[in-house]
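Please examine the sequence and the model shown here. The paragraphs that follow consider a sheet and then the aromatic rings.

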Amino acid sequence: MPSVFRGLSVHASPTNYIFRCPSFPDNPSLVVDRPSGNMKMVEHPVLQSKSSMSIAGILGVIRLRLDKYIIVITKSMVVGRIRGHSVYKIQATEFLPLQEPTLHDHDEDAYLALLRTHLRTGPMYYSYSFDLTNSVQRQSTADHSLPLWQQADDRFFWNRYIQSDLIDLHSSAPSVDPFILPVFFGFLTIATTRIKNTPMTFILITRKSRHRAGTRYFTRGVDENGNVANYNETEQILIIGDAGGGLSGYDPETIPSAGGLKEQVQVVSYVQTRGSVPVFWAEVNNLHYIPKLAIRGIENAIPYAKKHFDEQIQLYGDNYCVNLVNQKGREEQVKAAYEKIVRTLLTAPSESTQASEKTSERFRDIEPTQRKTKEDRIHYIYFDFHHECRNMKWHRAQLLLDQLGEALYNQRYFHATEGGSSVSSTVRNTQTSVIRTNCMDCLDRTNVVQSMLARWTLNRQLADLGVLEKGENAASYAHFESLFRNAWADNADVVSRAYSGTGALKTDFTRTGVRTNNGALADLGNSCTRYIRNNFADGPRQDAYDLFLGNYLPYASGISSSWVFVDRRPIIIQSVPYILAASVFLVLFTMIAADSRLTMRLFMMFWMIVGLYSGHFIFTHGMLYVNWPKLNTMAWAIEGYNEALGRVKKDKIVGQLVPRHERGVSSANIRLIHLEEGKKRIE
């Protein structure tokens, strides 16, 4: 029996859904009763419906306010093969309700719309027989006798929450295991190529953590469980000696043989991580291009930063924390907070700085001098990326490699051999540490440094395996260089879209090695789009993350219909943008009419003044117009809203029209009451 059933048929009737695998008709079928949602495994169930629907797999089951829904994968695309295992990307899904829909509920429809958008725009991948959530190094020590979902890394098991019902059924019916399909969210590319007639498969995987997942300005720093925002693990894999072409990847049966023995295939990989600075901090949206930065007491974050690094060290060994934020301006506060955390966690820290011709601090290293605690395996390296690499001088980032020095060389990489006279793999080498890179967003600057580290390690791996001569560079081979650059640029775009809503900046340089005018215009467009999305569109995106990942439970919120998604700001506050739009329209209309009469001029001047006042009001009280998440509360959002509304009440014009109280509750709390009542619930 396979790890997970490859393809299912669904038989729907008024009393149940029956899921069965046509390839294994003698295996028990999964029966989901309607409308209760009770699940059981049944051998040879009676099919009450002759018609059936073919699906790729069950993504999970989610309970909303009124009903439960089974989310099934209806369409997926093969993106390649890894070590003989096919890998798929989800392209379409469908929601199967347990109840027959009799009426429309505004909140239920809104929940479904959020989930559908998340599934349509989120890049999700799976394999029926290969664990995509774990690096090949972790897989080398895994127990492969376990079901695939039990082998999965909990951090990257994206649909773990919505698979809870099936996982709970496992205790009483282990035969449900082949129906549980782990999915990861992120980026994956598989490409076959050659260097010097040596066939190989190049694979790049980025796995996004489901813990503290969210959007750029609504999810920063660390939480009480030691999880950090925008945490991603990126693994670059090379399979040397792969003769498979097209989408085949490495299939053991395709390796040419000599004398009846298969040739050895070399599998090497290199893992890096990225994640937000592990302190309590936020950038508060207020419609300004650069939001207000807020850092909470650093001492309060120490136990949670410790928890974060304890897990990282347990998983990866020594952590080399490369910090790329600016050392001047607003970002300096984040740098100082990070360094204070590291100094506190290390038993006996030793610091050193290196100046440049431009600044007093090109590098700052904080190193442990003792090994008394687990945290003494943290190594902090600050690099002044802003000054050293400004004006697109990315080659200056080579200074960081020089600074890492022996640490980069000694961390090594994972190396295993497969094939030959043995069907099993032999581990030759393991990676003993990880480089954890961050900037403010862990996006653009981080992408540059991670691709640079990946290139350095790639050249080392190819030289160690004899594919390249010592000192030779893979960049000399145009086809491979194009493949490498485009893979890392695509990876940067996917990670950026998941967090900021747009592709990464400066990817024209990543793809071509040259900065172009078109690239500069694209960056300008992305920057403008980020501003608009982060202020006016990221609230629903954050809600979708929280809903899909189980951080908000609609059925347990206790909120009546029409409370969650209704805008309950004072009417006058809601109307100001419409007044601004009307003012712009009337001024333009008057100008086009070209009527020179005094009354028309006064009319235009009046609406111009109204428009200027409305625009100034919106920009001054920007927190009232940000599209905040509506499902989970953020304390700083409520505080900021209260402050902004308090200032509005003092306004000589609008303040007179804002009600002081509504049904005994302040207007601010009415605006955010859905956040208060829908507090975050940890799975």
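Which residue in β5 is the bridge partner of S9? It is S54. This is a predicted model, in which local features need pLDDT of at least 70 and side-chain atom pairs count only at pLDDT 80 or more, while totals for chains, interfaces and linings use all residues. Residues are numbered from 1 along each chain as its sequence is written, and side-chain values use heavy atoms, with hydrogens and water left out.

Strand β1, residues 8-12, runs antiparallel to β5 and is joined to β5 by three bridges. Strands are DSSP runs of E with at least two residues, helices are runs of H or I with at least four, and both are numbered from the N terminus; two strands pair if DSSP finds at least two bridges between them. The strands β4-β3-β2-β1-β5, in that order, form an open sheet of five with antiparallel pairing. Because β4 (39-42) and β5 (53-55) each have a single partner strand, they stand at the edges, and one side of each is left without a neighbour in the sheet.

The structure also holds 27 aromatic pairs. Rings of Phe, Tyr and Trp (its six-membered ring) pair if their centres lie within 6.5 Å; planes under 30 degrees apart count as stacked, over 60 as edge-to-face and the rest as tilted. The ring centres of F5 and F179 are 5.1 Å apart and the planes stand at 85°, so this pair is edge-to-face. F5 belongs to the segment before β1 and F179 to the loop between α4 (164-170) and β10 (184-195), 174 residues apart. One aromatic cluster is formed by F202, F480, F484 and W488.
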